[in-house]
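Subject: Structure for you to look at

Hello,

Here is the structure I said I would pass on. Please open it before you read the notes below.

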Amino acid sequence: MESLVTRDNPPSSSSWRPATRAVRSGQRRGSEREHADPLYLTSSFVFDQAEAAAGHFRDGEEGNIYSRFTNPTVESFERRLASMEGGEWGFATASGMAAITLLALTFLKAGDRVVLGRNLFGSTLTLFSKTFARFGVDVAIVDGSAPQDWSRVLASGAAMVFAESPSNPLGEVVDIADLSRQCAEIEALLVIDNCLLTPVLQRPLELGADIVMHSATKMIDGQGRCLGGVLCGRDPQQREALMTMQRSAGFTLSAFNAWVFHNGLQTLPIRVAQQSANAGRVAEWLAKQPDVECVHYTGLPSHPDHNLACQQQSGFGQVLSFAVAGGERSAWRLIDATEWLSITGNLGDARTTITHPASTTHGRLSDADRARMGIGSNLIRLSVGLEDPDDVIDELARGLAAIASVAGA
Ligand SMILES: *Cc1c(COP(=O)(O)O)cnc(C)c1O
């Protein structure tokens with residue numbers, strides 16, 4: 001499928017700087033010489049002759065056959081994100097969870113041991129510890145994020161290690177370079193969920209991870225429209241293995257969603273930079289409010305992982321959380337007193353979203369698990385968008401005033 005390198009199909013030059021990769025890599029131009037990247041909204045592809053069709057199916061000749069296997073628009077998106085992550089390949093799926101399912105189906109078998117970070121996205125924990133455990137995968141969860149917490153559990157070996165950094169919503173940071181050294185020693189595959197920071201602020205492959213995973217649903221879309229997921233890596237045999245599984249498993253990303261994400265990547269660097277700056281401003285303001293007990297944002301020097309975050313991240317992202325005085329009632333009252341912040345579980349949107357994790361995103365966990373993870377019932381999560389941060393602050397001030405008026409009554 002390699003086309004000639006021309007102005008219409010330039011190489012994704014490894015000398016390009018990150019912003020250029022976001023805009024130019026993975027570009028594909030058709031015979032009409034359209035400027036926008038085309039959307040190949042087609043389930044199958046045609047052949048000139050029966051023999052050609054047979055050759056593709058029988059001998060695996062290069063070329064598109066059916067969009068469950070390959071689609072040019074999906075490939076463009078995969079190439080652009082892989083280039084941004086500093087990987088050799090990208091592999092898109094229908095959602096972030098589909099990416100993790102495909103990963104497990106491809107690289108795990110009964111009897112394998114998987115080691116997971118404690119503060120993973122809830123569905124990731126459930127998928128491994130409930131579903132894959134049924135198929136004979138042994139699951140261990142690391143209680144803590146320091147290198148010695150990991151080494152204690154990794155001492156018993158692992159086929160795959162899955163971590164997320166910084167975690168959502170508390171921003172616990174894992175030392176990815178250290179963890180990758182530990183994984184290399186025991187020949188475990190290290191997978192990092194890079195959804196919160198995106199390659200704009202953190203590139204786990206450069207820190208030694210084997211595979212990076214994304215929910216494209218979040219910052220990559222950036223406007224809360226489409227579901228999608230991606231894996232990126234370096235070893236071409238891994239991509240081959242994923243493709244073999246995908247051909248029969250069919251967790252395929254729709255070409256339309258790929259086209260939305262592919263275009264969304266063009267503005268990812270400036271969206272991430274602005275949303276991070278806005279989140280930093282909101283976090284600093286929150287930290288000074290009397291009814292705010294604690295703000296969790298790796299950009300604040302008060303965050304326990306601030307120094308490590310400064311080493312391995314080039315920014316702190318759009319997600320922060322804070323605990324309010326007065327428990328769950330106060331948290332709900334604050335949320336309800338805001339006028340236009342979006343009350344929804346999604347994050348990474350251009351519109352600021354506000355969430356009460358204990359009763360929504362983390363609501364299915366037991367009280368004990370929530371307590372172990374530090375998700376109190378007075379915790380509120382914000383994913384700060386592109387509005388003027390002072391307007392977001394006005395909304396939060398309204399919410400805090402509603403708490404204070406009850407407390408003072
Ligand atoms: C949303 C999310 C996922 C799951 O992605 P979906 O696209 O919703 O399937 C995985 N990890 C993180 C960190 C997420 O925020």
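The notes below cover the ligand site, then the cavities, then a few points in the backbone.

This is a predicted model, in which local features need pLDDT of at least 70 and side-chain atom pairs count only at pLDDT 80 or more, while totals for chains, interfaces and linings use all residues. Residues are numbered from 1 along each chain as its sequence is written, and side-chain values use heavy atoms, with hydrogens and water left out.

The ligand site

Where is the ligand? The space it takes is the second largest pocket. A pocket is found on a 1 Å grid over the protein atoms alone, as an open set of points with protein on both sides within 12 Å along at least five of seven lines. A molecule counts as sitting in a pocket if more than half of its atoms lie within 2 Å of the pocket's grid points.

The volume of this pocket is about 790 Å³. A volume here is the space filled by probe spheres set on the grid points, which are joined across faces, edges and corners. The pocket has 37 lining residues, and Phe121, Gly122, Ser123, Thr124 and Leu125 are the ones nearest its centre; a lining residue has an atom within 4 Å of a point. Two or more lining residues come from each of helix 4 (96–107), helix 5 (122–134), strand 3 (138–142), strand 6 (211–215) and helix 14 (367–373). Helix 5 gives the largest share, seven residues. Helices (H or I, at least four residues) and strands (E, at least two) are DSSP runs, numbered from the N terminus.

By class, the lining has 13 nonpolar, 14 polar and ten charged residues. Ala, Val, Leu, Ile, Met, Phe, Trp, Tyr, Cys and Pro count as nonpolar, Asp, Glu, Lys and Arg as charged, and the others, Gly among them, as polar.

Around the ligand itself there are 13 residues, and Gly96, Asp193, Ser215, Thr217 and Lys218 come nearest.

- Glycine 96: a backbone N or O atom is 2.9 Å from an oxygen atom of the ligand.
- Methionine 97: a backbone N or O atom is 2.9 Å from an oxygen atom of the ligand.
- Serine 215: a polar side-chain atom is 2.8 Å from an oxygen atom of the ligand.

On its own the ligand has 380 Å² of accessible area, and the protein covers 93% of that. Accessible areas come from the Shrake-Rupley method with a 1.4 Å probe.

Cavities

How many cavities of 30 Å³ or more does the whole structure hold? The search finds four. A cavity is a set of points where a 1.4 Å probe fits but cannot get out. The largest cavity holds about 100 Å³ of space. Its lining has 14 residues, with Phe69, Thr70, Asn71, Val74 and Glu78 closest to the centre.

Backbone

The peptide bond from serine 165 to proline 166 is cis, with omega near -5°. The bond from asparagine 168 to proline 169 is cis too, with omega near 10°. Proline 166 is in the loop between strand 4 (160–164) and helix 7 (176–186), and proline 169 lies in the loop between strand 4 and helix 7.

Regards

Conventions
A residue is near a molecule or strand if one of its heavy atoms lies within 4 Å of it. A polar contact is a pair of N or O atoms within 3.5 Å; within protein, one must be able to donate a hydrogen and the other to accept it, and residues adjacent in sequence count only if both atoms are side-chain atoms.
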